[in-house]
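Welcome, and thank you for taking a look at this protein with me. Please have the sequence and the model open as you read.

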Amino acid sequence: VVLSLSLVMFKLVVLKMLPFDNKSEFQVVVDMPEGTALEQTTRTLHALGQYLATVPEVTDYQVYAGTAAPINFNGLVRQYYLRTGANVGDIQVNLTDKSQRQRKSHEIAVSVREPLQQIAKQFAANVKVVEVPPGPPVMSPLVAEIYGLDYDGQLVLAETVRKVFEQTPSVVDVDVSVQAPQKKWLLKIDQHKAALWGVSQLTVTQAIHTALQGEDVSYLHTGNMKFPLPIRLEYGVENKSRVDDVLQLRVRNNKGQLIALADLVEPIESIAEQAIYHKDLLPVVFVTGDVAGKIDSPLYGMFAIDAQLNSVVSAQGEKLTHHFISAPENPYHYGIKWDGEWQVTYETFRDMGIAYAVGLLLIYFLVVAQFRSYVIPLIIMGPIPLTLIGIMPGHMLAGATFTATSMIGMIALAGIIVRNSILLVDFINQQRREGIALEEAVLRSGAVRAKPIILTGLAAMLGAFFILDDPIFNGLAVALIFGILVSTILTLLVIPVWYYAYLYGREAKV
């Protein structure tokens with residue numbers, strides 16, 4: 001049992017919430033630097049789309065520039081449907097049916113990630129290949145939440161954490177929730193000059209609004225249109241991007257003279273305000289990422305990053321605290337809270353572990369009621385841990401990850417093994433009541449009950465073979481097949497020996 005559990009420590013069996021499903025789509029999320037024009041974002045998306053068109057399994061793709069793709073499963077938690085602005089874009093990629101391709105959607109997504117990122121580097125874009133999760137969606141598989149005393153210190157720590165993310169092998173699609181600094185121009189009206197020229201502040205602001213946002217100044221009525229066609233005044237895109245072009249705009253004063261805005265306003269260069277994210281009323285900075293490679297479980301990437309962060313200190317010399325289950329209790333100390341798929345995995349395995357313990361307790365009480373003994377149920381339930389001898393090596397041999405469905409199979413095996421043990425113990429008791437010697441009763445139990453135990457075990461194993469190729473329930477099938485195989489053999493050997501030792505010792509005392 002110990003050696004079987006050690007397979008997890010040596011990464012021969014990988015722990016994961018749920019394996020990747022074989023979907024018919026995936027999504028490419030593109031983030032350009034803040035302030036990028038919509039045309040540049042569109043150019044980047046088309047360059048990425050041209051490569052995607054060369055992938056054999058891709059049937060078609062849709063490009064969404066400056067807006068989000070229609071909401072899907074990812075949009076529920078990752079809130080992609082809220083993405084808007086000239087610097088963001090999505091590519092929805094559709095694949096051929098899984099029956100018509102050899103590669104799974106996850107393999108395709110992994111293979112296109114590196115070429116897409118190489119293309120994105122030419123446009124200074126951040127590209128993330130996002131798959132539809134088979135289970136509960138999270139913000140990102142890897143999420144580090146940075147808390148601290150002041151927001152500036154959080155930004156510095158977030159940048160340090162981001163660099164560790166990028167330097168960790170197999171960690172990809174690294175991003176941070178902090179927006180890049182974006183230049184903003186403030187046009188301050190010189191009220192004294194405006195009064196001398198006879199121009200009101202309202203006239204100036206309306207002129208700037210018309211140039212940048214547009215305004216319908218009149219309507220064109222034609223005979224072949226049901227509704228009048230609006231005539232809209234607005235600067236071209238190339239003029240909006242330069243403040244000098246805006247300052248050349250002329251407005252009319254109260255005497256009918258045209259006055260340039262450059263004579264009325266003072267341009268002040270500043271930085272646009274950035275969004276500050278909050279969680280549970282505390283300011284937080286998110287650093288996100290994903291894991292791709294031989295071991296594509298985010299858990300191992302998280303622990304590798306966390307080990308490197310042990311030596312990180314804040315600008316004030318304070319050591320960064322690490323939290324895995326809940327947010328830091330003291331918000332006045334810098335700390336990192338791990339979220340993402342780790343949180344879902346922890347809560348799932350915790351709850352299933354509690355359910356497993358409750359199930360074992362109920363089984364124990366039922367067996368106590370049946371045999372009127374507190375020791376015999378422990379012997380009957382003794383082979384339950386032996387299922388690990390089949391489950392863990394089985395996952396290693398099958399190359400499968402130990403997932404939540406594997407845990408379900410492990411829970412189901414407890415009832416199956418207890419049933420086999422009860423058959424053996426009950427037969428031994430029956431033989432003893434008929435006056436058969438202890439040794440003979442134990443030997444007969446194995447000879448007589450072996451056939452029905454093996455046949456029922458084979459029936460359960462054959463039933464599990466039908467879900468063996470399912471990407472989600474593969475872990476359940478592996479757990480049932482290998483767990484039943486090994487535990488059935490061990491039960492036929494262990495239960496008679498343990499029960500014989502128990503009865504022999506009790507009779508020796510008598």
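Is Leu-309 buried or exposed? Leu-309 is buried, at a relative accessible area of 0%; here buried means under 20% relative accessible area, exposed means over 50%, and partly exposed lies in between (1.4 Å probe, protein chains only).

A word on the background first. This is a predicted model, in which local features need pLDDT of at least 70 and side-chain atom pairs count only at pLDDT 80 or more, while totals for chains, interfaces and linings use all residues. Residues are numbered from 1 along each chain as its sequence is written, and side-chain values use heavy atoms, with hydrogens and water left out.

**Around Leu-309**

You will find Leu-309 in the loop between α10 (298–308) and β16 (321–323). Helices (H or I, at least four residues) and strands (E, at least two) are DSSP runs, numbered from the N terminus. Apart from neighbours within four places in sequence, Leu-309 is in contact (heavy atoms within 4.5 Å) with Val-161, Val-164, His-322, Ile-336 and Trp-338.

**An open sheet**

Strand β16 belongs to an open sheet of five strands, ordered β6-β15-β5-β17-β16, with mixed pairing. Its edge strands are β6 (171–176) and β16, each of which pairs on one side only. Two strands pair if DSSP finds at least two bridges between them. Strands β6 and β15 (residues 285–291) run antiparallel and are joined by four bridges, and Val-172 stands opposite Asp-290 in β15. Helix α5 (residues 151–167) lies across β5 (142–147), β6, β15 and β17 (335–340), at about 10° to β15; axes are lines fitted to C-alpha atoms, for helices over the stretch in contact, and angles run from 0 to 180 degrees between N-to-C directions.

**Asp-31 and its surroundings**

Strand β1 (residues 25–31) is joined to β4 by six bridges, and the two run antiparallel. Asp-31 stands opposite Asn-126 in β4. Strand β4 (residues 126–131) is largely enclosed by the rest of the structure, because five of its six residues are buried.

Asn-87, in the loop between α3 (75–78) and β3 (88–95), has Asp-31 among its contacts, along with others including Val-30 and Met-32. Asn-87 counts as buried at 14% relative accessibility.

**Salt bridges**

How many salt bridges does the structure hold? There are 22, a salt bridge being a side-chain nitrogen of Lys or Arg within 4 Å of a carboxyl oxygen of Asp or Glu. Three of them are set out here.

| Pair | N to O distance |
|---|---|
| Asp-31 and Arg-83 | 2.8 Å |
| Glu-57 and Arg-103 | 2.9 Å |
| Arg-232 and Glu-234 | 3.7 Å |

Asp-31 and Arg-83 are both buried. In the second pair, Glu-57 is buried at 10%, whereas Arg-103 is partly exposed at 27%. In the third, Arg-232 is partly exposed at 44%, and Glu-234 is partly exposed at 39%. Salt bridges that share partners also join Asp-31, Arg-83, Asp-90, Lys-128 and Asp-175 into one network.

**A nonpolar patch**

On the surface, Ile-71, Phe-73, Leu-76, Val-77, Tyr-81 and Leu-82 form a nonpolar patch with about 570 Å² of accessible area together. Patches are made of residues with over 30% relative accessible area and no salt bridge, with like charges joined within 9 Å and nonpolar side chains (Val, Leu, Ile, Met, Phe, Trp, Tyr) within 5 Å. Accessible areas come from the Shrake-Rupley method with a 1.4 Å probe; for residues, only the protein chains shown count as cover. Ile-71 lies in the loop between β2 (58–65) and α3 and counts as exposed at 54% relative accessibility.
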